[in-house]
Amino acid sequence: MSWMPNRRALVAASLVTALVPGGVRAAPVARGESASDDAFARLYRNAMVIDGNLVGPFDDTAALDPATAEQVRSSGLTAFKMTIGGSAGGYDEVNTDLTAFDTAISLSPDVYMKIRTADDLLLARRTSRVGVIYSFEAAEMLDGRLETIDHFSARGVRVMQLGYNTVSPFASGVMVPQPSSGLTALGHEAVARMNSLGVTLDLSHADERSTLGAISASVRPVAVTHAGCDAVHPHPRNKSDAVLKAVADSGGIVGIYGLSYISPGPAQQSLDDYLAHMIHALSVCGEDHVGIGSDALLTAFDTSADSMAQWDASIAARAAAGVAAPGEGRPPFVTGLNRPDRPALIARALLERGYPVRVVEKVLGANFQRVFAETWRA
C-alpha cells in the first residue's frame with residue numbers, strides 16, 4: 001500500500017499524521033513501555049535501526065511539539081524511508097512537497113536529519129537524531145522522462161520505484177492483469193540511470209515479470225523495501241520465493257511489512273502472522289537480505305471511531321481510483337506493534353525464537369545500511 005504524504009501532511013502542533021488528505025490521528029504512546037532488560041536495551045540502543053517504509057509526523061511551519069518529538073525519539077530508529085508524492089503525485093506537486101519536507105526537517109534539527117549518503121546514517125545515530133530517507137513509490141512525478149530521475153536525485157530522493165500498482169512507462173505493477181509486458185525499453189534505461197546516479201531501485205510494487213527483468217538489468221543490489229511472502233499468504237503484493245531469491249542473489253534486501261496482506265483476516269494481523277513472513281524470508285533469502293519495512297505510521301495508529309471513519313473513507317477512495325489491492329481495509333499495524341518502538345518488539349521476538357544477536361542486528365537495520373551504502377555510490 002502507499003501512504004500519500006504531501007504538503008497537507010505537514011500538520012502543525014498536533015499528533016496528526018496524514019495517510020491521505022484529511023489525515024488519520026496518531027494515538028499517544030505510554031512512556032516506560034520499551035524493553036526493560038539491560039542487555040537487550042543496550043543491543044537496541046547500539047544497533048543500526050532502519051525501517052524501510054514509514055510515515056512520520058512533520059510540520060513545515062514550526063518545530064515539532066514536545067510530545068510528538070518525544071514519540072519520534074522513543075522509536076529508537078536511526079532512520080526510516082519516507083514516501084513522497086504517494087501513488088499519484090505529479091512533477092510540480094512533488095517538487096513542492098520536497099521543499100515542504102526540507103523545511104520541516106530544518107525546523108526540527110534536534111529530531112530529524114535528511115539522509116543523502118551512507119555516512120549520514122552514521123551521523124544520525126551518533127547525534128541521536130532520526131534520519132529521513134526520501135523515496136518514491138510511484139512514477140507519475142517522473143513524467144516518463146529519464147532526466148527527471150536526475151532532477152529528483154539531486155533533490156535528495158535516494159530510493160525510487162518504476163511505478164505503483166498499475167502500468168507506468170517503465171514497468172507493470174502488481175495489479176496489472178497477467179501476463180504483463182514487464183520491464184519496458186524505457187524501464188531498462190531508467191534502471192541504468194538510477195544505478196549510475198546512486199539511487200536505490202525499489203521493486204515493492206512491481207509485478208513478478210517486471211521485478212525479475214529489473215533485477216537482471218540492474219548492476220547494483222535491488223530492494224523490495226516493503227512486502228510479504230506469497231508462500232505464507234498468497235496475495236498480489238506478496239513476493240514469490242523466486243523473487244525473494246532473486247533479490248537476495250542481487251545482494252539486495254526484502255523488508256517485511258505489517259499490512260493486512262500478510263493474513264487472511266478478518267482479525268487484525270498478529271505478531272505471529274508477521275513473524276511467519278519474517279522467518280520465511282530469512283529462510284529463503286538468508287540472514288543478510290531481510291529487514292523491516294513496516295509500511296505504517298511511525299507513531300501509533302488511532303483506532304477511535306472518528307479516525308477509523310477517515311481510514312475507511314481513504315480505502316474507498318483508493319478503490320475508486322483503481323489503485324487498491326485486494327484485502328485493503330484493516331488498519332496498517334500488527335497487533336502488539338502499534339507503537340513507535342515496534343522494531344524493538346520484533347527484535348525481541350526473534351531472539352525469543354532462537355535467532356542469534358548477529359541476525360537480529362542485521363534485520364534491525366544493518367542489512368538496509370549495507371544495501372544503501374552499495375547503491376548510493378554514484
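Predicted model: local features only at pLDDT ≥ 70, side-chain atom pairs only at ≥ 80, totals over all residues.

Biologist: Is the pair of Phe58 and Tyr112 stacked or edge-to-face?

Modeller: Planes under 30 degrees apart count as stacked. The planes of Phe58 and Tyr112 stand at 20°, with ring centres 4.5 Å apart, so this pair is stacked. Phe58 belongs to the loop between strand E3 and helix H2, and Tyr112 to strand E5, so the pair ties together parts 54 residues apart in sequence. Both residues are buried. Phe58 and Tyr112 also belong to one aromatic cluster with Phe80, Phe101 and Tyr134.

Biologist: What arrangement do Phe301 and Trp311 adopt?

Modeller: Their aromatic pair is edge-to-face, with 85° between the planes and 5.5 Å centre to centre. Phe301 is in strand E14 and Trp311 in helix H10, ten residues apart. Phe301 is buried at 3% relative accessibility, and Trp311 is buried at 1%.

Biologist: How are two packed helices described?

Modeller: One gives the angle between their axes and the distance between the axes. For H5 (residues 146–154) and H6 (residues 185–197), the axes come within 9 Å and cross at roughly 25°. Angles under 35 degrees count as roughly parallel, and H5 and H6 are therefore roughly parallel to each other. Their crossing is right-handed.

Biologist: Which residues make the contact?

Modeller: H5 contributes Leu146, Glu147, Ile149, Asp150 and Ser153, while H6 contributes Leu186, Glu189, Ala190, Arg193, Met194 and Leu197. These divide into six nonpolar, one polar and four charged residues.

Notes
Residues numbered from 1 in each chain as written. Heavy atoms only, no water. Axes fitted to C-alpha atoms, helices over the stretch in contact; angles between N-to-C directions. Helix = DSSP H or I, 4+ residues; strand = E, 2+ residues; numbered from the N terminus. Parallel < 35°, antiparallel > 145°, perpendicular 65-115°, else oblique. Left-handed = near helix turned anticlockwise from the far one by under 90°. Contact = heavy atoms within 4.5 Å. Nonpolar A, V, L, I, M, F, W, Y, C, P; charged D, E, K, R; others polar. Phe/Tyr/Trp six-rings, centres within 6.5 Å; stacked < 30°, edge-to-face > 60°. Buried < 20%, exposed > 50% of the residue type's maximum accessible area, 1.4 Å probe, protein only.
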